[in-house]
Amino acid sequence: MSSAFSAINTIQPLHRTIDNPSVSPFLGSTHKLRSFPACNRAPSASWIRRRFSIVAVSDVVKQQKTKSGSSLSNLLITKEEGLELYEDMVLGRSFEDMCAQMYYRGKMFGFVHLYNGQEAVSTGFIKLLTKEDCIVSTYRDHVHALSKGVPARQVMSELFGKTTGCCRGQGGSMHMFSEEYNVLGGFAFIGEGIPVSTGAAFTSKYRREVLKEANSDQVTLAFFGDGTCNNGQFFECLNMAALWKLPIVFVVENNLWAIGMSHLRATSDPEIWKKGPAFGMPGVHIDGMDVLKVREVAKEAVERARRGEGPTLIECETYRFRGHSLADPDELRDPAEKAHYATRDPIAALKKYMIENKLVNEAELKAIDKKIDEVVEDAVEFADASPHPVRSQLLENVFADPKGFGIGPDGRYRCEDPKFTEGTAHV
Amino acid sequence: MLGIVRGRIARGGVNASSLQKIRNQSLIYASSRSYSSASKEMTVRDALNSALDEEMSADPKVFVMGEEVGEYQGAYKISKGLLEKYGPERVVDTPITEAGFAGIGVGAAYHGLRPVVEFMTFNFSMQAIDHIINSAAKSNYMSAGQISVPIVFRGPNGAAAGVGAQHSQCYAAWFGACPGLKVLAPYSSEDARGLLKAAIRDPDPVVFLENELLYGESFPISAEVLDSSFCLPIGKAKIEREGKDVTITAFSKMVGYALKAAEILAKEGISAEVINLRSIRPLDRSTINASVRKTNRLITVEEGFPQHGVGAEICACVVEESFEYLDAPVERIAGADVPMPYAANLERMAVPQIEDIVRAAKRACYRSVPMAATA
């Protein structure tokens, strides 16, 4: 019945030796932590205490899982939640497919990185957040922005480079920012978003403790990939986030490939979740193609952060159906691997789950599909009809303080020159 | 004379007698500077400390982050006393993770706080330069004004004494090339106080380049400067000494050298106008051009490497805008085009000295001193 979601049938461990193959990798992580070889010193009380706190998250979710595995699905989601998740994932998928179309028609240009196949991670995590919580992402950020609530019209216009985009066309595909929805970017360099998200979490804690704003409990989510986990900034921030107990959740979208570099060829120890306990935070490993599982673990981690208990590192094994970007011929990945993951499409899985557990019927899902198609088409029409930025927009927004452009040849501030915003001033 | 005393300070550490000697020299010196009714003196270190203190007490969103800023009282004692006053949450000692904590500062600034991130020297900022440029400087533009980054990156810049190649580079030119950043380089205590306050209050990312050798130097300071709302405008240079024969532009420590050179030149009948740039970006081109149009000769002085330096930009700007006014070729004096050597005599040759400025000024005035061999 809910076999698609059973704990056992998950990722093909391409190389790993699992101690106990009949146990899910999730439970396996708990096992591994318990049998973690202690150093040659007598464990002090605080160290033992820390060990228990590290396995705490895994234990809680493990219990939830055994409960849900045995009884029926209704413990996991309600019908409304199910429809919300389905709609969000379908929006992500259709939007990205439309992006590919538009790119090949020449309406979109530059670097475009699509998120097909990874929707479960974005939906599973971001739909649990409030509007004030923040997310920080990488260049594969269209769907993160959409899940957080940025209207599809704004995202599409931004991709077309029009002035009605969420960043007025100045950011582009890789730099989605939204102050209203607390999307703090959109970064092209891998690992760059991790310290920025740690800083946003630092602000949340600072607000609560120094500025005494009692309801400041915003959580920050940092999304990044498997390649980033070899980057120095990642480790620096794991250390500081755990040291200062910041309200952040580090989400690794391990899609096994960094452009054409396999994660296994690039990493000495490919099990990324293990890097969490090394810094004193729980490291959790979940199946990122299963939105319900992602949501369960995410709920626990986000609540943990909100309570002030510190960060969590969550590794989601997922897969991107398309290449790294639209310019990537994607020749290095094995077609058999792609076919295998295509059968584990998160949208199809959620659909199957909801129908088999009689939460919804086909007609309702089809209605959502149709609605999303209309939303995406409307976004494209809106973006097409929007104007390109005017010439003077080139010089705007370099500084928040416009006097930052300095003094012009006439001795006055340049920004006071009326020609400045017409794009004809001499700069 | 002063140069030798300064060297003694740098090498041997400050003790009471040498500090007294400096003070005496500066006092004699001060009378020749055009400061308004100097009532007392303040070191640059105290100026920076008081500016930080006042800004932190005025705005609870300002916090200081860096290595050794807290319990060690600051690697160069700039943040002395702040930990006791404001607590460890506002004076944050970080692990040795420049990329990490610069990025954390940027993230906090995205969200409305006003961090002051200290780099122990700006050489270490190279480990964090991705965050300074890509996530701080460019963010306001990339997000079309939605996200501004009111952060200050500060620390000592340029050559100290005998610290070797990896601790001696001047970063004014690199940071000055980036749109989205404001780059300031104070000289005196008045500059330090005013510009740091302006930088902390500014809604944009500011790179604040101090100088280690200037920290201990005392400058006369007026009552106006001590006021807690004293601020200097960003983007305006200061004419430290008026003159009519040759314009010398400089920033940071080189302003002191240029002023001494001007003294020497005055005895020979050359009246030099010394401009303290204060702000590398935005560069105060109008003041520089106005001065060149008055004197018709230009010399730029900087400590950093010559190629693509601050002086290169100033010379190009003057040639573009005031070409007809020039009576002599523009000249730039910069550090030697080598990584900083360690040996004391080589180091002296790798950094501009007062004699170099005097010679260049005489060349510009056609006083028949042959071109110095390029080092």
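**Interfaces between domains and chains**

Me: How many salt bridges does the rule find across the interface of domain 1 of chain B and domain 2 of chain B?
Reply: This is a predicted model. Chain B is divided into domain 1 (2-226) and domain 2 (238-374). Across the interface of these domains, the number of salt bridges found is two.

Me: Which side chain meets B:Arg278 in a salt bridge?
Reply: The cut-off is a side-chain nitrogen of Lys or Arg within 4 Å of a carboxyl oxygen of Asp or Glu. For B:Arg278 the N to O distance is 2.6 Å, so the pair passes. The partner is B:Asp191.

Me: Which element gives the largest share of the side of domain 1 of chain B that touches domain 2 of chain B?
Reply: Elements that give two or more residues to this side are helix H1 (2-12), helix H8 (172-176), strand S6 (182-184) and helix H9 (189-201) of chain B. The largest share is four residues, and it comes from H8(B).

Me: What area is buried between domain 1 of chain B and domain 2 of chain B?
Reply: In contact are 38 residues of domain 1 of chain B and 28 residues of domain 2 of chain B. Carbon and sulfur atoms give 54% of the buried area. The total is about 2,600 Å².

Me: What area do chain A and chain B bury between them?
Reply: Here 51 residues of chain A are in contact with 53 residues of chain B. Of the buried area, 64% is on carbon and sulfur atoms. The value is about 4,100 Å².

Me: Which residue of chain A meets B:Lys182 in a salt bridge?
Reply: Across the interface of chain A and chain B the rule finds one salt bridge. The N to O distance from B:Lys182 is 2.9 Å, and the limit is 4 Å, so the pair counts. The residue is A:Asp401.

Me: Which element of chain A gives the largest share of the side that touches chain B?
Reply: Between the two chains, 20 residue pairs are in polar contact. On chain A, strand S2 (177-178), strand S3 (183-186), helix H7 (193-209) and helix H8 (232-244) give two or more residues to the side that touches chain B. The largest share, ten residues, comes from H7(A).

Me: How many residues on the side of chain A that touches chain B are nonpolar?
Reply: By class, this side of chain A has 16 polar and nine charged residues. The nonpolar count is 26.

Terms used:
Residues numbered from 1 in each chain as written. Chains lettered and ligands numbered in written order. Predicted model: local features only at pLDDT ≥ 70, side-chain atom pairs only at ≥ 80, totals over all residues. Heavy atoms only, no water. Contact = heavy atoms within 4.5 Å. Buried area = accessible area lost by both parts, 1.4 Å probe. Polar contact = N/O pair within 3.5 Å; in protein donor to acceptor, adjacent residues only side chain to side chain. Nonpolar A, V, L, I, M, F, W, Y, C, P; charged D, E, K, R; others polar. Domains from an automatic or database assignment.
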